[in-house]
Amino acid sequence: MSYFETSFWPRSHYQNMEKSNGNICKSICTSIVIGFFMALFVMSVWNVSFHRPGKSYVILLDSSREVVHRTSPRFLSFGLDSSLLRDMKNFPIHDERFVNLARHLSPAFVRIGGTSADCLLFNETVLGDSVARRSPVDGGDISNFTLTDTDYLSIYDFTRKAGLRMLFDLNVLIRTPDNQWHDSNARKIITFSKGQEMEIDWQLGNEPNSFNFVFGRGVPAAQLGKDYIHLRTLLNTLGYESSILVGPEANHIGDPDDKGVHYATEFLENDGQSVDFATWHQYYLNGREAKVMDFISPAVFNRLPAEINSFQRGINSSGRNVKMWLSETSSAYGGGAPELSDRYVAGFLWLDKLGYSASAGVNVVVRQSLFGGDYAMVAHDLVPNPDWWISVLFKTLVSDKVLHLESANNNGTLRFYAHCTSESSLISGVPAVTVYGVNLDVHRAQIFIQGSWMKKNAKILLYILTGDFLKSREIRLNGDVLKLKPDGSLPPFTPVIIDPTQIITLPPLSMAFIVTHGADIRACMP
Ligand SMILES: *[C@@H]1O[C@H](CO)[C@@H](O)[C@H](O)[C@H]1NC(C)=O
Ligand SMILES: *[C@@H]1O[C@H](CO)[C@@H](O)[C@H](O)[C@H]1NC(C)=O
Ligand SMILES: *[C@@H]1O[C@H](CO)[C@@H](O)[C@H](O)[C@H]1NC(C)=O
């Protein structure tokens, strides 16, 4: 079968991969390994070795087969960084192609936020020096700027046309001399929004625990809690009582000093229960330093569970009962890693993040970003990157009902998750389960789906994703490059159909959605 055929991987990839696996195995070992594979190559048995069966993985559903979590219907959401508002000319919100790409990801929140949110003045002239100020983190512009009412309206119109819900990040750095939040500009934007009957959700500030470093001024967590109470009251007064408010947008969660978690915890102890969801920002890597191997190394993947756990401990110790959002998250910070964060290889971290987060009860994951930087799902030429396709497939095949997998090891190169299949993908309303995940191995992997829940006449529909090389801008579904139709509509996602008795084989370095139609699971009934 053609989709089992692996693409040709340059030899250098292969050697690099071997290196990363053994940290004891240094230069001597490496040369042996290189020598060994060179020999294999010369002997022309490359293909045999490459195709030898690798690990196998048995998919076992929790025998109770109950839904363990319900995510938000907008679980897979995305951001548009506030820095894009500095340069509206180059922000393609008026381009129908861009609207179309965003619409294929609906329903979703689109978060308009980021460092520049705390430099944004709505319909107000910027006072003070005109010398550009630069962020010490990534060199980005952190001077104050004006967002006009017309531009604000056009961003909102874009979100409506695309069927998205706008989540707007208000400037928390407009403050009184005694360091309380000053609401004058927020009042303007909220009143204007209400006047235009805009439906919006809100947040206040971005990465406040890093303000000292980025802006040279601080906002203590307890004070930010009070500022959020203030904003909640303001929203209620100005007609946004049913809008949600999320915070504190902390970062550096999981750092050894735990400062980010402490900040968020103290915030949650002081926000008067004003936030509906506790939010934080997650990146695995520094975009300037990240290497291709980092994108397929299980140790990097395993950072996320540890960080989610740290943040959950913070929520627990605050005594609050709120769910968390990853409200800004991508593979690498500082705009992403060039030629990595926007390529096929980024898909592994992205799909695993979606799967792990849902399994851990995270309510929403906001991908940084849809457009801009090196981590965007849509490239500057408005051609979708592989992660956009993965997101569309996720939206198509995966529902908000999360099932628990009892399969033993999800910390290595084979990592899988299970949800009920989304209703729109069911066949004649027959309950189905979507198992999805990644094979980070350089070998094929065998997947066994087992359990009495599979009906006798069940059919398995396979959607296997591969790339011709790790830095490819393209992604293949069951062997065919994914491309939009000329009218912007989605191509048919044609599965490979097999019987439950057949073995599922995943190619090296692939991703998969495996949909079992005919699942005796009440929780998955539409
Ligand atoms: C504020 O909005 C008003 C009304 O649209 C407009 O006339 C004015 O120029 C705006 N000011 C700024 C600084 O954008
Ligand atoms: C940016 O605006 C804030 C709020 O008005 C002000 O406190 C701050 O000094 C301004 N920053 C610069 C560099 O002018
Ligand atoms: C948080 O609290 C819940 C409910 O008590 C508990 O099940 C969970 O294990 C706790 N999580 C952490 C990371 O402490």
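A polar side-chain atom of N123 lies 2.4 Å from an oxygen atom of ligand 1, a polar contact being a pair of N or O atoms within 3.5 Å. This is a predicted model, in which local features need pLDDT of at least 70, side-chain atom pairs count only at pLDDT 80 or more, and totals for chains, interfaces and linings use all residues. Residues are numbered from 1 along each chain, chains are lettered from A and ligands numbered from 1 in the order written, and side-chain values use heavy atoms, without hydrogens and water.

Ligand 1

- N123, E124, T125 and D149 surround ligand 1, where near means that a heavy atom of the residue lies within 4 Å.
- In the side chain of D149, an N or O atom is 2.7 Å from an oxygen atom of ligand 1.
- Ligand 1 taken alone exposes 360 Å², of which the protein buries 42% (areas by the Shrake-Rupley method with a 1.4 Å probe).
- The shell around ligand 1 has no nonpolar, two polar and two charged residues; Asp, Glu, Lys and Arg count as charged, Ala, Val, Leu, Ile, Met, Phe, Trp, Tyr, Cys and Pro as nonpolar, and the others, Gly among them, as polar.

Ligand 2

- Around ligand 2 are R133, N144, L173, I174 and R217.
- This shell consists of two nonpolar, one polar and two charged residues.
- N144 has a polar side-chain atom 2.3 Å from an oxygen atom of ligand 2, and R217 has one 3.4 Å from an oxygen atom of ligand 2.
- Alone, ligand 2 exposes 360 Å², and the protein buries 61% of that.

Conventions: A polar contact is a pair of N or O atoms within 3.5 Å; within protein, one must be able to donate a hydrogen and the other to accept it, and residues adjacent in sequence count only if both atoms are side-chain atoms.
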